[in-house]
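Please look over the model shown here.

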Amino acid sequence: MKKKLPSIFIGLLFLIGLGIMTYPIISNQWNTYRQSKLIENYKLAVKDLSKDDFQKEWQDAKAFNETIVENNIFSDVFGQKNKESEKSAYNQVLNVNRDGIMGYLSIPEINLKLAIYHGTSDDVLQTGIGHMNGSKLPIGGESTHCVLAAHRGLPSAELFTNIDQLQTGDKFYIHVLDQVLAYKVDQILPMVDKNDQNTLKEALSIHEGQDEVSLFTCTPYGVNSHRLIVRGHRVAYNGEENHQTVGDKMLESIKNYYMFILILGLALTFLMILIMRYLFNKRKGGSKDEKEIL
């Protein structure tokens, strides 16, 4: 029995280490799957809307945006804990499926597609993108600036981890109701101190006559003492999103599963070695017993 204890202990250590190594991969894949289901549910809900429903949704959203003269963003979004009442006027607009999702963001350049939620409460930012309440809703229009926030570097989800790879001229897309809004990146602020209120206010403010969206996250990766802001201005959408980077998406999918398959293969190999060793020792022990009997 004493000889078996080291093997059992080593096996347990290996399984614990394997769990730690695979958790980010498995968790991120689960969140990706969950996001795809939420987006699919949103598409189905939008598909069921009538012409009158669309008209009312757009009217309500535009009326809400008219109440915002300038973006009012005073507190640090990543320090916010409270969740606004679900019955508030804010949570009633662009909530066609009654699940808090107002649309979704697509960034083909980094193979990202995530649901956009109302608000930036902690439970929202753990799984998806939050619309920063106090900024314009993501419906486009002159003199609008919508701010979308998400975390980077979470072990459980990729989210905005790779938006630092975006460059000026890249495009991202917002799907809201029956429209797709295209935005071209025109400004990247890679390192703004989270306490630099003047720079943040200017970067996220509404510019007269412009239609803008900013992607807002924390940086550096794992430190989070500063803010990374990627801003885009509205451009014509000609369906190019559906034809972009098909090969890149395939390569990205292969890359995402490669490490998981490798680790799983190592785990199975290790378990097979343990099983074979156990059977060998058992057989060896049986042979010794037979010799003693003889």
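## Helix α2

Which residues are exposed on the other side of α2? They are Asp52, Lys56 and Glu66. Exposed means over 50% relative accessible area, buried under 20%, and partly exposed in between, with a 1.4 Å probe and protein chains only. The model is predicted: local features need pLDDT of at least 70, side-chain atom pairs count only at pLDDT 80 or more, and totals for chains, interfaces and linings use all residues. Residues are numbered from 1 along each chain as its sequence is written, and side-chain values use heavy atoms, with hydrogens and water left out.

The buried residues of α2 are Phe54, Glu57, Trp58, Ala61, Phe64 and Asn65. Seen down the helix axis, they fall within an arc of 130 degrees, so they line one face of α2. The arc is taken from the directions from the axis to the C-beta atoms. An α-helix has 3.6 residues a turn, so residues three or four places apart point the same way.

α2 has 16 residues and spans 23 Å from its first C-alpha to its last. That is close to the expected 22 Å, where the expected span is 1.5 Å times one less than the number of residues. Helices (H or I, at least four residues) and strands (E, at least two) are DSSP runs, numbered from the N terminus.

## Lys56

Lys56 lies in α2, residues 51–66. Its side chain makes a polar contact of 2.7 Å with that of Asp60. Such a contact is a pair of N or O atoms within 3.5 Å; within protein, one must be able to donate a hydrogen and the other to accept it, and residues adjacent in sequence count only if both atoms are side-chain atoms. The C-alpha atoms of Lys56 and Val93 are 9.9 Å apart, across 37 residues of chain.

## Aromatic pairs

There are four aromatic pairs. Rings of Phe, Tyr and Trp (its six-membered ring) pair if their centres lie within 6.5 Å; planes under 30 degrees apart are stacked, over 60 edge-to-face, the rest tilted. Phe172 and Tyr183 have ring centres 5.8 Å apart and planes at 15 degrees, so this pair is stacked. It links strand β5 (residues 171–176) to strand β6 (residues 179–193). Phe172 is buried at 0%, and Tyr183 is buried at 1%.

Tyr173 and Tyr237 pair edge-to-face, at 5.6 Å and 70 degrees. Tyr173 is in β5, and Tyr237 is in the loop between β8 and α6, 64 residues apart. Tyr173 is buried at 0%, whereas Tyr237 is partly exposed at 26%.

## Cysteines

The whole structure has zero disulfides, defined as cysteine sulfur pairs within 2.5 Å. Cys146 is buried at 2%, and Cys218 is buried at 3%.
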